[in-house]
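Here is a question-and-answer pass over one model. Each answer sets a value against its definition.

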Amino acid sequence: MWSASVVGASGYAGGELLRLLLGHESVSIHQATSESFAGKPLARAHPHLRGLTDLRFESAEALTPADVLFCCLPHGVAAAKWSSLAPLAERIVDLSSDFRLRDPSVYQRYYGRPHPAPEVLEKFVYGVPELHRDAIREARFVACGGCNATAAILGLYPLFRAGLAGEERTVIEVKAGSSEAGRKATPSSHHPERSGAVRSFALTGHRHTAEIAQALGNGRPAEVHLSLTAVEMVRGAAATSHVFSKERVTEVDLWRTYREAYREEPFVRIVKERQGTHRYPDPKLLAGTNFADVGFELDQDSGRIVVVSAIDNLMKGASGQAVQCMNLMLGLDETTGLRFTGLHPL
Ligand SMILES: NC(=O)c1ccc[n+]([C@@H]2O[C@H](COP(=O)([O-])OP(=O)(O)OC[C@H]3O[C@@H](n4cnc5c(N)ncnc54)[C@H](OP(=O)(O)O)[C@@H]3O)[C@@H](O)[C@H]2O)c1
């Protein structure tokens, strides 16, 4: 068995990691840290894990080396603490946005301050296996793709890869669930404010724009435009992307493009049905799973390609993807500990 520790384990992403690691056949949990829950059983923060483990949260000061370290800290914290975190494991998977952008000046533009450890950025591989599988296998340090970014990237990647997108602007609208904001309550997450909301925010300038542009660009940032809307669901991110292709394409071209990109992918499904209730990806069907569902439609008159892609933000958008990356880094089957579907009805 390999050993793994989770830093920031009382949060939502940390809780998902603990759930996945408790069910993982090749990895056991070494330590789980929380300052606010130190000394308390894991189930105090994550009641659904009740009865599954005797482990208790520890302070990060008590961390001892493990094979893998997962960092689930708020953005800015892992980079600031990098010198104390780095020696703790041969392999580190960071879930924050601290190490996703390769260019420190882009980080400064989107995060409004200089990067705390710019020299470390080049050591990280961007953690979306569908794009960087081989590099992740060889990596010591992986920065997992952001939730909204992962949804958008997986929807658009086949079109950019095939040269069908990128020449013209690409517009992305993401509907986001409330768990994206983490477990700490804020005025905007208060139930009367959030319940039933269809509340747009970050119509321009959302930080994940930079990740998407970096991931889809061919050496230079792709021209992508992202807007976010907070909606009722707890889990889920659903991206609707509009691609204005210079090249005239047919539906058959699109099917071929998506099949070529995702035929071998264990967690990406093409969802595009002519009939039935569930014709396009719906994050509700993905809750708790590591799947990314991707669908598309072609507007024959204008040539606009509309892509819909959905994930569970805490799974394929965070902890599921982190475990998928860890499996690759450890030379395990990529799907280990992640082979389950969602619930229907939910
Ligand atoms: N939620 C999502 O959908 C999602 C998706 C992708 C990526 N992420 C990223 O993953 C990271 C964790 O997200 P989350 O949603 O799990 O957040 P969260 O629920 O707010 O949890 C954050 C964790 O970090 C600890 N923490 C808070 N402030 C800290 C500080 N200043 N120093 C050290 N520890 C601190 C907290 O526990 P204690 O105070 O008890 O130590 C808590 O365990 C974030 O960087 C987030 O951007 C989140």
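Q: What separates the centres of domain 1 and domain 2, taken over C-alpha atoms?
A: The separation is 24 Å. Domain 1 covers 2-144 + 315-329 and domain 2 covers 148-311. Those bounds come from an automatic or database domain assignment. Residues are numbered from 1 along each chain as its sequence is written. The model is predicted, so local features need pLDDT of at least 70, side-chain atom pairs count only at pLDDT 80 or more, and totals for chains, interfaces and linings use all residues; side-chain values use heavy atoms, with hydrogens and water left out.

Q: How do you know that domain 1 and domain 2 are in contact?
A: Contact means heavy atoms within 4.5 Å. By that test, 26 residues of domain 1 are in contact with 29 residues of domain 2.

Q: What makes up the area buried between domain 1 and domain 2?
A: Buried area is the accessible area (1.4 Å probe) that two parts lose on being put together, summed over both. Here the two domains bury about 2,300 Å², with 55% of it on carbon and sulfur atoms. On the domain 1 side, Tyr12, Tyr110 and Lys316 supply 27% of the area buried against domain 2, more than any other three residues.

Q: Why is the pair of Arg133 and Glu265 called a salt bridge?
A: The term requires a side-chain nitrogen of Lys or Arg within 4 Å of a carboxyl oxygen of Asp or Glu. The closest N and O atoms of Arg133 and Glu265 are 2.7 Å apart, so the pair qualifies. The rule finds 3 salt bridges across the interface of domain 1 and domain 2.

Q: Which helix gives the largest share of the side of domain 1 that touches domain 2?
A: Helix 11 does, with 6 residues. Helices here are DSSP runs (H or I, at least four residues), numbered from the N terminus. Helix 11 spans 315-329.

Q: Why is the pair of Tyr107 and Tyr111 called stacked?
A: Rings of Phe, Tyr and Trp (its six-membered ring) pair if their centres lie within 6.5 Å; planes under 30 degrees apart count as stacked, over 60 as edge-to-face and the rest as tilted. Tyr107 and Tyr111 sit 4.6 Å centre to centre with 10° between the planes, so the pair counts as stacked. They are separated by about one helical turn because they are 4 residues apart in helix 5.

Q: How do you know that Arg140 and Glu90 form a salt bridge?
A: Their closest N and O atoms are 3.6 Å apart, so the pair meets the cut-off.

Key
Helices (H or I, at least four residues) and strands (E, at least two) are DSSP runs, numbered from the N terminus.
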